[in-house]
Amino acid sequence: MIQRLLVANRGEIACRILRTARRMGIHTIAVYSDADAGARHVREADEAVRIGPPAAAESYLDIKAIVSAARAAGAEAIHPGYGFLSENARFARACRDAGVNFVGPSAEAMEAMGVKSLAKARVRALGVPVLPGYEGERQDIEHLRAQALAAGLPLIVKPAAGGGGKGMRVVHSGEALREALESARRQAESSFGDGTLLLERFLPEPRHVEVQVFADRHGNCVHLGDRDCSVQRRHQKLIEEAPAPGLPPQLRERLREAAVQVARDIRYTGAGTVEFLFDGREFYFLEMNTRLQVEHTVTEAVTGLDLVEWQLRVAAGEALPLAQSQIAIEGHAIEARVCAEDPWRDFLPSAGDLQLAEWPRGEALRVDAGFAEGDTVPAAYDSLLGKVIAWAPQRERAAYMLAQALERTYLAGVRTNERWLGRILRSRVFLEVRHSVALLGRPDEQLAAPVQADAAVMALAALAVQRGQDRRSDPWRVHDGFWPNLPAEVAITFSAGGRERNVTLRFERGAPRSVVADAHEGGRPEQPLELADVRSEDGRICAQVQGRWRQARFFRDGSRLHLWTGGAHYELLIEDPRIREFAASSASGGLTTPLPGVVSAVAVEAGQRVSAGEVLMIVEAMKMEHSITAPFDGVVESVHFAQGDRVSEGSELLSLSRSADGPA
């Protein structure tokens with residue numbers, strides 16, 4: 001068995017691998033960039049080695065640095081996790097050449113599936129259904145454009161060496177084709193070091209289904225059931241479940257057999273996932289991920305197995321612990337990926353310090369988190385903070401349990417998506433298995449907009465502020481509304497959603513008895529609400545509001561109040577005339593960057609006339625591209641950053657003046 005293991009990754013997956021390795025008595029070694037010097041995975045390993053600066057290309061993607069760290073630390077094996085170098089054949093080969101055991105398939109197996117064009121040709125020869133498209137070697141933009149038009153639109157453009165949805169573009173019109181090809185190539189080169197693209201017929205509303213396979217060096221190969229990963233945004237999975245619901249029994253059996261057939265054909269070893277698209281009648285091979293998947297947890301939940309332990313044992317030369325006939329699948333499991341991103345601002349990634357981090361607990365509930373309270377969420381990497389997984393005998397029960405668990409997740413300091421994910425889990429379209437990969441692209445009022453705070457919510461917010469004062473201070477500083485010969489009132493002004501909300505608490509004998517709050521529409525005061533039995537303890541406020549019990553979790557960070565109640569998270573600014581919240585101009589003008597990142601493209605130059613909506617610059621942050629567009633017709637006065645420059649949040653990227661004549 002492996003004695004010393006280096007984990008060549010970070011965040012949630014590094015912590016998850018370390019957990020199993022510790023249980024198996026394996027000495028663990030973490031690696032970290034300067035951005036992760038104080039990260040959770042560094043703290044949890046037995047030892048840690050610095051491998052470079054924050055940029056992934058100079059740290060987590062630096063093969064030489066990681067192999068050198070392994071040799072210096074005396075590691076017998078390297079586990080790559082997922083992402084970064086996990087599917088890099090050169091890395092697997094470099095480990096082998098250095099005498100370090102790579103926990104994963106051989107470099108040859110990776111190469112067989114790593115280039116999607118070759119993988120599809122190979123799988124097609126096995127008789128597995130494959131979507132038509134272009135997979136050729138000629139890669140100049142004009143040729144790709146011609147092949148795309150010949151294949152017919154809509155189609156999807158994707159990096160041949162990619163994975164995880166990075167760089168994928170769906171094209172619906174010939175006018176958008178060139179920009180999509182160029183953008184996909186830029187991101188392919190940035191994320192994978194290979195700009196090769198392939199084209200594939202686009203199915204508008206398929207489901208994404210996949211099969212977990214496992215093989216050893218002794219010729220044994222099994223599947224561990226199937227999963228559905230159809231809830232995605234920008235081709236990134238957000239909710240995954242096992243088994244895949246609603247598949248006809250015969251098709252499910254064919255799907256699993258096809259996955260095992262693919263793995264056997266390339267003499268695969270270790271954990272792998274064969275992914276398919278399902279259009280309601282037939283499945284089509286999509287790709288094979290030659291690594292552990294983010295969503296392996298739901299397979300573990302329904303099988304009772306530890307897939308990382310299996311990986312380590314197979315890497316050590318052992319046979320698979322179980323035969324196919326011994327693997328049982330019980331119940332249903334669903335996973336939600338909690339990410340540092342803002343669902344109400346087009347999933348804009350968020351970075352900063354986690355001032356509060358309370359993950360849920362409960363029976364049949366699992367949390368795999370990469371961040372804890374006080375940790376810094378860097379802008380340089382993926383936005384995943386952690387995963388919450390629920391298991392139950394039935395699918396609907398698992399969805400309900402997971403939605404409740406997400407409502408007991410309290411994170412502050414960065415924008416997060418867990419309450420929005422809870423809405424999806426409670427939606428009829430998800431519960432009735434009517435969803436597809438196009439779900440989040442549909443107009444849906446239930447998912448589209450944040451919940452507005454009503455008067456009762458504002459009452460809880462005001463009570464949280466009032467009860468949050470330090471009761472040990474002198475009585476003259478207690479905010480209880482006392483004032484000789486005057487009505488006992490405390491007025492608090494909040495800022496939320498771009499407008500002010502005024503709330504007045506009225507006291508009798510030092511206790512709040514009623515509240516008046518502005519309505520969120522029109523600003524008119526609502527009728528007073530009666531208050532009774534106000535209680536506050538451990539960051540929670542509870543009260544009878546108009547005869548109905550209401551409660552909330554709250555957290556105050558200076559002038560900012562976070563309030564969680566009724567399945568929603570409200571972030572309110574406690575207004576002070578001396579302090580005003582900074583607001584970046586990106587919301588109105590798009591001329592500043594809304595988060596830290598790297599300029600990946602500059603589309604204009606000083607003196608150029610532009611039209612409203614025209615792309616001026618592209619900033620890459622957290623592995624996603626964000627277009628900075630012109631808010632009006634005008635002339636570019638100056639460009640402040642060049643391609644490759646690193647920019648901080650709120651940086652003015654360029655100057656634009658209005659043009660009376662409009663664009664040329």
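Begin by selecting helix 12 (residues 395-407) and helix 13 (residues 418-426) in this predicted model, where helix 12 passes helix 13 in a left-handed crossing. Their contact is made, on the helix 12 side, by A399, Y400, L402, A403, Q404, L406 and E407, and on the helix 13 side by E418, R419, L421, G422, L425 and R426. The two axes come within 9 Å and cross at roughly 160 degrees; because angles over 145 degrees count as roughly antiparallel, helix 12 and helix 13 are described as roughly antiparallel to each other.

Next, select helix 4, residues 89-97, and colour its residues by accessibility: A89, F91, A92 and C95 are buried. These four cover an arc of only 165 degrees around the axis, which means that they sit on the same side of helix 4. On the face turned away from that buried side, look for the exposed residues R90 and D97. If you then display the surroundings of the buried residues, you will find them packing against helix 3 (63-73), strand 4 (77-79), strand 5 (101-102) and helix 5 (107-114).

Stay with helix 4 to examine its ends. Following the helix is G99, whose phi is positive, near 80 degrees.

Finally, move to helix 10 (residues 296-303) and select T299. Is T299 buried or exposed? T299 is buried, with a relative accessible area of 1%.

Key:
Residues are numbered from 1 along each chain as its sequence is written. This is a predicted model: local features need pLDDT of at least 70, side-chain atom pairs count only at pLDDT 80 or more; totals for chains, interfaces and linings use all residues. Side-chain values use heavy atoms; hydrogens and water are left out. Buried means under 20% relative accessible area, exposed over 50%, partly exposed in between (1.4 Å probe, protein chains only). Helices (H or I, at least four residues) and strands (E, at least two) are DSSP runs, numbered from the N terminus. The arc is that of the directions from the helix axis to the C-beta atoms. Contact means heavy atoms within 4.5 Å. Axes are lines fitted to C-alpha atoms, for helices over the stretch in contact, and angles run from 0 to 180 degrees between N-to-C directions. Angles under 35 degrees count as roughly parallel, over 145 as roughly antiparallel, 65 to 115 as roughly perpendicular and the rest as oblique. A crossing is left-handed if the near helix is turned anticlockwise from the far one by less than a right angle, and right-handed if clockwise.
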